[in-house]
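Morning, everyone. Please have a look at the model on the screen. I'll talk about the core and the aromatic rings.

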Amino acid sequence: MVMHRLPRATKPHYVRAALGATFVACFMGSALPAHADPVNGDDLSLTAQAETGQTASQEAKPAEKDKIDVTAAQVLALAREQIGIRENARGGGTKFQEWYANSQRAQETIARDGGHPAAYLNAPWCAMFVSWVGEQTGARAQVGWDAYTVTHARWFQNNGRWGTLAKPGAVVFFAWNGSKSLGSIQHVGFVVKDNRDGTISTIEGNTGNGLVEERIRPKSQVVGYGYPEYAA
């Protein structure tokens, strides 16, 4: 059973404090102890903020000028090329985290949530992986970018690009307890295909033991899908 990825006990306290409410953890396919609670106080505070719509996700709505000449196949091809990339023992060291820490979006999310750019370097990076792929393919205007999964999902919803059908290249958001509330989202990746057997194939960052991997996930764990407007 796929459960919540617990914070590493070795992560320095000052890094956790700097992250504050900025991130929701990305998750891996390992068992969670029954007593462990995947939502801490920081997560709850930001979830409440997201549920009221008081986030930066509404500030960058795609416009006609944001149409892109990038296909879903191209986005998935680049995502697949990253399979096998692994984080270091501190939960960092990936090009996805380094890129995000130095991006304009990091400054925007820090203004929104607090913290410091350096905190992104060892932070959970599933959403940063998705954002990086969008940036590198030229599809950022449609894929979106954020380090917080709930805000990223809210951006799709606010722009009328949210639904329940698995489509290749869609951005898929997960909650391991089966909740369909955006505030419960814990992980994000790309849909490769609908397997027509109650599962989907995906490409995800920060899964397994901190890897980019292709996975098969039950649809019961899907909160919903964000639909970039890819070129035909």
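First, a term: buried means under 20% relative accessible area, exposed means over 50%, and partly exposed is in between, with a 1.4 Å probe and protein chains only. F96 and F129 are both buried.

This is a predicted model: local features need pLDDT of at least 70, side-chain atom pairs count only at pLDDT 80 or more, and totals for chains, interfaces and linings use all residues. Residues are numbered from 1 along each chain as its sequence is written, and side-chain values use heavy atoms, leaving out hydrogens and water.

Now the rings. Rings of Phe, Tyr and Trp (its six-membered ring) pair if their centres lie within 6.5 Å; planes under 30 degrees apart are stacked, over 60 edge-to-face, the rest tilted. That rule gives 11 aromatic pairs. Take F96 and F129: centres 5.2 Å apart, planes at 85 degrees, so this pair is edge-to-face. F96 is in helix α4 and F129 in helix α6, so the pair ties together parts 33 residues apart in sequence. Helices here are DSSP runs (H or I, at least four residues), as are strands (E, at least two), numbered from the N terminus.

Next, Y100 and Y120. This pair is tilted, with 5.0 Å centre to centre and 50 degrees between the planes. Y100 is buried, at 0% relative accessibility. Y120 is buried too, at 1%.

Last, the core. A nonpolar core is a set of buried Ala, Val, Leu, Ile, Met, Phe, Trp, Tyr and Cys residues joined through side-chain atoms within 4.5 Å. The largest has 44 residues, and Y120 and F129 are among those touching the most other members. Helix α6 gives the most to this core: seven residues.
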